[in-house]
Amino acid sequence: MQDQAQRFKSLVRQLMGGRQGRGVRYPQAVREEAVSLAHAELASGASLADIAAALGIGEMTLSRWLEPARVGLREVEILAAEPAARLAARPASAGFVLVSPSGLRVEGLELPQVAELLRALG
């Protein structure tokens with residue numbers, strides 16, 4: 001592990017270009033190498049804190065990299081009809097409303113536009 005960690009640290013130093021501190025955008029290949037090393041070390045009983053320290057990165061950074069990839073879209077349930085009170089309060093030309101998990105709200109779409117937007121995001 002020590003040789004691999006030294007190689008990883010050297011790669012990170014090259015990416016940082018002599019800069020100190022936060023704000024480094026690690027390329028996917030670098031993240032994958034760290035994750036691979038971490039999985040091997042975790043399997044042998046090492047702690048996440050020790051692995052992160054050996055690699056020269058933050059424990060929280062390594063922890064996030066180890067999380068499974070999050071999918072941007074999630075399963076939704078489409079109801080057959082809205083409750084009468086909500087339907088009456090909504091203008092007829094309002095169209096669909098699409099709300100992302102981060103709170104982005106897009107209103108006034110027709111069904112083909114919703115489908116196109118979801119395909120583009122997927």
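User: What percentage of the 122 residues in the protein chain is buried?
Analyst: This is a predicted model. Buried here means under 20% relative accessible area. Across the 122 residues of the protein chain, the buried share is 17%.

User: How much accessible surface does the protein chain have, and what share belongs to carbon and sulfur atoms?
Analyst: The accessible surface of the protein chain comes to about 9,400 Å². The part belonging to carbon and sulfur atoms is 55%.

User: What pattern does the protein chain follow along the sequence?
Analyst: The secondary structure comes to six helices and two strands. Read along the sequence, the pattern is α-α-α-α-α-β-β-α.

User: Which residues does Tyr-26 contact, leaving aside neighbours within four places in sequence?
Analyst: Contact means heavy atoms within 4.5 Å. With those sequence neighbours left aside, the partners of Tyr-26 are Val-12, Leu-15, Arg-31, Ile-57 and Trp-65.

User: How are helix 2 and helix 4 oriented to each other?
Analyst: Their axes come within 10 Å and cross at roughly 90°. Angles of 65 to 115 degrees count as roughly perpendicular. Helix 2 and helix 4 are therefore roughly perpendicular.

User: Which residues meet where helix 2 contacts helix 4, and how do they divide into nonpolar, polar and charged?
Analyst: Helix 2 brings Arg-31, Ala-34, Val-35, Ala-38, His-39 and Leu-42. Helix 4 brings Leu-62, Trp-65 and Leu-66. The residues of this contact divide into seven nonpolar, one polar and one charged.

User: How far apart in space are Glu-41 and Ile-51?
Analyst: Glu-41 sits in helix 2. Not counting residues up to four places away in sequence, Glu-41 touches Met-1, Ala-46 and Ile-51. Glu-41 and Ile-51 are 10 residues apart in sequence. Their C-alpha to C-alpha distance is 7.2 Å.

User: Among contacts between residues at least 6 apart in sequence, what percentage join residues at least 24 apart?
Analyst: The contacts considered in the protein chain are those between residues at least 6 apart in sequence. Among them, the share joining residues at least 24 apart is 39%.

Technical notes:
Residues numbered from 1 in each chain as written. Predicted model: local features only at pLDDT ≥ 70, side-chain atom pairs only at ≥ 80, totals over all residues. Heavy atoms only, no water. Axes fitted to C-alpha atoms, helices over the stretch in contact; angles between N-to-C directions. Helix = DSSP H or I, 4+ residues; strand = E, 2+ residues; numbered from the N terminus. Parallel < 35°, antiparallel > 145°, perpendicular 65-115°, else oblique. Nonpolar A, V, L, I, M, F, W, Y, C, P; charged D, E, K, R; others polar. Buried < 20%, exposed > 50% of the residue type's maximum accessible area, 1.4 Å probe, protein only. Areas by Shrake-Rupley, 256 points an atom, 1.4 Å probe, with all protein chains shown as cover.
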